[in-house]
Amino acid sequence: MGEQTGEANRISMLYRKRGCMLKKCEKCQLHQHATQMVNGRGGNHAKVMLIGEAPGYEEDLQGTAFVGKAGQLLNHVLDKLGVGPDDVFITNCLRCRPPENKLPSPKVVLEMFSCCEPYLQKEIHKVKPKVIVLMGSIPLYVIGHKVHVTQHEGTVLPVTYMNIPLVASYHPAFVLRQPSKEVCLARALYTAFDMVGIHPIPKPSDTFFDYDKEDVI
Ligand code: SF4
């Protein structure tokens, strides 16, 4: 009861702050613990779309994708690559935050994605990206039909989604835990931008991302 009142207060506070209704959907069980649906952010005509897994705590509160620590790391890598904010659109395959950021089994996630997929497809129809980067195991599984990120990261997958080529990469949240993988994320992004004729300079090397991570963590 106390938890429900807290939840109601939080939503009411956000409602007053925004002056508009929070976007909600109840098509799958993830809505039960989420404050609101979280849509993507970025250039409306970006040639590259990045798709992650699901919103986290900050995204759930703010209603925007990748605004927490993983998003800050991603911004930092994009910045290092010299990619402008309008060159990329960043979103997730699921729109609601899972409880404690933990997703259920892949089979259940696949069912959730079948409910949520129309929202992603709407964004793809609007943005019309030329390449999609699947960041992490969940988008790789539900969209790319592959299981092991380690095997596929940095590569162009042999399948497409809505006729759009797919590149696999690590998720920025994983890179936060494994900083040595940051160059892999950068290389995967480099591959995607290179495919659409955006040529980031310099090409990421093992030493390219040798900066102080205190900036973003
Ligand atoms: S995850 Fe997607 S389908 Fe499920 S409730 Fe949220 S918006 Fe709806």
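These legends describe close-up views of a predicted model.

Residues are numbered from 1 along each chain as its sequence is written. Because the model is predicted, local features need pLDDT of at least 70 and side-chain atom pairs count only at pLDDT 80 or more, while totals for chains, interfaces and linings use all residues.

**View 1. The whole chain and its elements.** The chain holds 8 helices and 6 strands. Helices (H or I, at least four residues) and strands (E, at least two) are DSSP runs, numbered from the N terminus. Their order from the N terminus is α-β-β-α-α-β-α-β-α-α-β-β-α-α. Of the 217 residues in the chain, 41% are buried. Buried stands for 20 or more other C-beta atoms within 10 Å of the residue's own, exposed for 12 or fewer, and partly exposed for counts in between, with C-beta atoms placed from the backbone. Among contacts between residues at least 6 apart in sequence, 69% join residues at least 24 apart. A contact needs C-beta atoms, placed from the backbone, within 7 Å.

**View 2. The open sheet, strand by strand.** Six strands line up in the order E1-E3-E2-E4-E6-E5, with mixed pairing. Strand E1 (41-42) and strand E5 (156-161) are the edges, and each pairs on one side only. Two strands pair if DSSP finds at least two bridges between them. E1 and E3 run antiparallel, joined by 2 bridges. Arg-41 has Ile-90 as its bridge partner in E3. E2 and E3 run parallel over 5 bridges, and Met-49 is partnered with Phe-89 in E3. E4 and E6 are parallel too, with 4 bridges; Ile-132 stands opposite Leu-166 in E6. Strands of a sheet pair through backbone hydrogen bonds, either parallel or antiparallel.

**View 3. Strand E3, covered along its length.** Val-88, Ile-90 and Asn-92 point one way. Phe-89 and Thr-91 point the other way.

**View 4. The E5 and E6 hairpin.** E5 and E6 run antiparallel, with 3 bridges between them. Thr-160 stands opposite Pro-165 in E6. The hairpin has 2 residues between its strands, and Met-162 takes a positive phi near 55° there.

**View 5. Helix H8 on the sheet.** Strand E2 (residues 48-52) and strand E4 (residues 131-135) run parallel and are joined by 4 bridges. Ile-51 has Leu-134 as its bridge partner in E4. Helix H8 (residues 182-195) packs on the sheet and touches E2, E4 and strand E6 (164-169). The direction of H8 makes about 165° with that of E6. Axes here are lines fitted to C-alpha atoms, for helices over the stretch in contact, and angles run from 0 to 180 degrees between N-to-C directions.

**View 6. The largest nonpolar core.** This core has 59 residues. H8 gives the most to this core, with 8 residues. A nonpolar core is a set of buried Ala, Val, Leu, Ile, Met, Phe, Trp, Tyr and Cys residues joined through C-beta atoms within 7 Å. Val-48, Ile-51, Cys-93, Val-133, Leu-134 and Leu-189 have the most contacts inside the core. Val-133 touches residues including Val-48, Leu-50, Val-167, Ala-188 and Ala-192, not counting residues up to four places away in sequence.

View 7. The ligand has 13 residues around it, and Cys-25, Cys-28, Arg-95, Cys-96 and Cys-116 come nearest. A residue is near a molecule if its C-beta atom, placed from the backbone, lies within 6 Å of it. The shell divides into 9 nonpolar, 1 polar and 3 charged residues. Ala, Val, Leu, Ile, Met, Phe, Trp, Tyr, Cys and Pro count as nonpolar, Asp, Glu, Lys and Arg as charged, and the others, Gly among them, as polar.

**View 8. Two loop residues with positive phi.** Phe-66 has a positive phi of about 55° although it is not a glycine. Phe-66 sits in the loop between helix H2 (57-62) and helix H3 (69-80). Phe-66 counts as buried because 27 other C-beta atoms lie within 10 Å. His-145 also has a positive phi of about 55° and is not a glycine. His-145 lies in the loop between helix H5 (137-142) and helix H6 (149-152). His-145 counts as exposed because it has 12 C-beta neighbours inside 10 Å.

**View 9. Gln-36 in its loop.** Gln-36 lies between helix H1 (2-18) and E1. Gln-36 is buried, with 24 C-beta neighbours inside 10 Å. Gln-36 and Arg-97 are 61 residues apart in sequence and 8.4 Å apart in space, C-alpha to C-alpha. Leaving aside neighbours within four places in sequence, Gln-36 is in contact with Leu-22, Lys-23, Lys-24, Asp-60 and Gly-63.

Note on methods:
Two residues are in contact if their C-beta atoms, placed from the backbone, lie within 7 Å.
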